[in-house]
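Some notes on the sheet follow, in numbered points. Please read them alongside the model.

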Amino acid sequence: MDGAPDAFGSPYRLLSGAVVPRPIAWVSTRGDDADNLAPYSFSTVASVDPPVVVFAPVGRGPSLKDTPRNAISRGEFVVNVVTRDLVEAMNETAATVPSGVDEFDHAGIEKAEAVRVDAPRVADAKVAFECTLYDSMEVGSSTLVLGEVVHAHVADEVLTDGKLDTRKLDAVGRLAGNEYATTDDRFELVRPD
């Protein structure tokens with residue numbers, strides 16, 4: 001079958017089902033009334049020099065939810081990496097709750113203060129990136145939020161010789177609908193010269 005993206009149900013279903021697995025940016029921010037924490041599966045690395053990560057929430061301007069709005073207006077946020085042991089807690093933070101509700105408290109997640117930015121982080125996250133806002137831009141019905149990583153937290157248990165060891169980090173990725181994947185099914189493939 002060939003056709004326009006909406007010929008396959010919807011562009012969202014086509015893209016979210018084909019571009020898999022997607023890393024989950026579990027973004028935490030500080031708001032005026034509460035701390036916010038929400039998962040975004042349209043996310044990735046944008047640059048390594050400087051180190052920049054990106055997440056793309058659906059919504060623009062006044063329709064943005066608290067977490068991306070705080071990230072943009074305050075210029076600071078934390079991207080926490082979701083691992084298998086935290087996936088149920090992450091799912092709790094996907095719930096729609098009224099503005100002013102602390103999503104850490106709502107989901108029973110312990111928070112820790114960041115070192116370089118004024119935002120909380122998930123205390124039990126094996127990896128967390130403290131970010132300052134690099135840029136944001138509206139693209140279609142979404143907003144790209146780019147953050148420059150200014151400080152990283154990496155649990156000793158996922159390091160080997162001082163370097164992140166992906167074999168020890170049981171990261172979770174988003175598939176489509178209610179499906180997720182872990183990174184425990186790995187193989188190597190040597191890149192040709």
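1. The seven strands of the open sheet come in the order β3-β2-β6-β9-β10-β5-β4, with antiparallel pairing. Strands here are DSSP runs (E, at least two residues), numbered from the N terminus, and two strands pair if DSSP finds at least two bridges between them. At the edges are β3 (35-40) and β4 (43-48), each of which pairs on one side only. On average, neighbouring strands of this sheet are turned by 35° against each other, direction ignored; the axes behind such angles are lines fitted to C-alpha atoms.

2. This is a predicted model, in which local features need pLDDT of at least 70 and side-chain atom pairs count only at pLDDT 80 or more, while totals for chains, interfaces and linings use all residues. Residues are numbered from 1 along each chain as its sequence is written, and side-chain values use heavy atoms, with hydrogens and water left out.

3. Strand β2 (residues 25-30) is mostly covered, with six of its six residues buried; buried means under 20% relative accessible area (1.4 Å probe, protein chains only). In a regular strand the side chains alternate between the two faces of the sheet. Both faces of β2 are covered: A25, V27 and T29 lie on one side, W26, S28 and R30 on the other.

4. β2 and β3 run antiparallel and are joined by six bridges; they form a hairpin with four residues between them. Four bridges join β2 to β6 (residues 76-81), also antiparallel. V27 has A38 as its bridge partner in β3 and V79 as its bridge partner in β6.

5. β5 (residues 51-55) is joined to β10 (residues 142-154) by four bridges, and the two run antiparallel. V52 stands opposite E148 in β10.

How values were computed
Axes fitted to C-alpha atoms, helices over the stretch in contact; angles between N-to-C directions. Buried < 20%, exposed > 50% of the residue type's maximum accessible area, 1.4 Å probe, protein only.
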